[in-house]
Amino acid sequence: MDTMLYKLDSFEGPLDLLLFLIQKNKVNIYDIPIVQITGQYLEYVQAMDHTDLNLISDFLVMAATLLDIKSRMLLPAEESEEEAEDPRQELVERLLEYKMYKYMSYELKDRQMDGALRMYKEPTIPDEVKEYEPPVDLDALLDGVTLSKLNEIFKE
């Protein structure tokens, strides 16, 4: 196996690294070559910075999961089981769910950036408009409307 170094900054977690390796190797997510992906994943874990134990523990848990899947695939299938479940199935489901959320986050980020390009202005009302009073008192007009009163208003 060739030694591959990946930047930790470009991966948000173990599932992100797995998706990267699957896309890099151009393999079908439903038919993951677990031996190849596990080898590359373990090379990455060995090369990463071991100072942040919380971060590395997540990667180590995924590495253990990959090794478990790899070992179950290498064991001969029991004859009593008619339909042996693919050990990769749970991992595939997790990867597909992660991929969906990842692309949804890209969509939300794009919408946020589009919204940031729009400019909104606080309403500004000139002082002359704020101080404006209608020349006719509408409340008084509604009290007792007569023709003579309307005529007076018209003359004003």
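Q: Taking a crossing as left-handed if the near helix is turned anticlockwise from the far one by less than a right angle, and right-handed if clockwise, which hand has the crossing of α1 and α2?
A: The crossing of α1 and α2 is right-handed. The model is a predicted one, in which local features need pLDDT of at least 70 and side-chain atom pairs count only at pLDDT 80 or more, while totals for chains, interfaces and linings use all residues. Residues are numbered from 1 along each chain as its sequence is written, and side-chain values use heavy atoms, with hydrogens and water left out.

Q: Before we go on, how many helices and strands does the protein have?
A: The protein has seven helices and zero strands. Helices (H or I, at least four residues) and strands (E, at least two) are DSSP runs, numbered from the N terminus. Along the sequence the pattern reads α-α-α-α-α-α-α.

Q: Back to α1 and α2, then: at what angle do the axes cross?
A: The axes of helix α1 (residues 14-24) and α2 cross at roughly 130 degrees and come within 10 Å. Axes are lines fitted to C-alpha atoms, for helices over the stretch in contact, with angles from 0 to 180 degrees between N-to-C directions. The two helices are therefore oblique to each other; under 35 degrees counts as roughly parallel, over 145 as roughly antiparallel, 65 to 115 as roughly perpendicular and the rest as oblique.

Q: And which residues of α1 and α2 make the contact?
A: On α1 they are Pro14, Leu17, Leu18, Leu21, Ile22 and Lys24, and on α2 they are Ile37, Gln40, Tyr41 and Tyr44. Contact means heavy atoms within 4.5 Å. By class, this contact of α1 with α2 has eight nonpolar, one polar and one charged residues. Nonpolar covers Ala, Val, Leu, Ile, Met, Phe, Trp, Tyr, Cys and Pro, charged covers Asp, Glu, Lys and Arg, and the others, Gly among them, are polar.

Q: How far apart are the axes of α1 and α3?
A: They are 9 Å apart, and α1 and α3 pack at an angle of about 55 degrees. This pair, too, is therefore oblique. From α1 the contact takes Pro14, Leu15, Leu17 and Leu18, and from α3 it takes Asp58, Phe59, Met62 and Leu66. The contact of α1 with α3 has seven nonpolar, no polar and one charged residues.

Q: What about α1 and α4: at what angle do those axes cross?
A: The axes of α1 and α4 cross at roughly 95 degrees and come within 10 Å. That makes α1 roughly perpendicular to α4. Leu15, Asp16, Leu18, Leu19, Ile22 and Gln23 of α1 meet Leu91, Arg94, Leu95, Tyr98, Lys99, Lys102 and Tyr103 of α4. These residues divide into eight nonpolar, one polar and four charged.

Q: Changing topic, how many aromatic pairs are there?
A: Rings of Phe, Tyr and Trp (its six-membered ring) pair if their centres lie within 6.5 Å, with planes under 30 degrees apart counted as stacked, over 60 as edge-to-face and the rest as tilted. By this rule the count comes to three. One of them is the tilted pair of Tyr44 and Phe59, at 5.7 Å centre to centre and 50 degrees between the planes. Tyr44 lies in helix α2 (residues 34-47) and Phe59 in helix α3 (residues 53-74), so the pair ties together parts that are 15 residues apart in sequence.

Q: Are Tyr44 and Phe59 buried or exposed?
A: Both Tyr44 and Phe59 are buried; buried means under 20% relative accessible area, exposed over 50% and partly exposed in between (1.4 Å probe, protein chains only). Another of the pairs, Tyr103 with Tyr106, is edge-to-face, with 5.7 Å centre to centre and 70 degrees between the planes. Those two residues are three apart in helix α4 (residues 89-117), so about one helical turn separates them. Tyr103 counts as partly exposed at 42% relative accessibility, as does Tyr106 at 40%.

Q: Which residues form one aromatic cluster?
A: Tyr41, Tyr44 and Phe59 do.

Q: And what percentage of the residues of the protein count as buried?
A: Of the 156 residues, 24% do.

Q: Where is Lys26 found?
A: Lys26 is in the loop between α1 and α2. At 76% relative accessibility, Lys26 counts as exposed. Lys26 has a positive phi of about 50 degrees although it is not a glycine. Most residues other than glycine have a negative phi.

Key: A crossing is left-handed if the near helix is turned anticlockwise from the far one by less than a right angle, and right-handed if clockwise.
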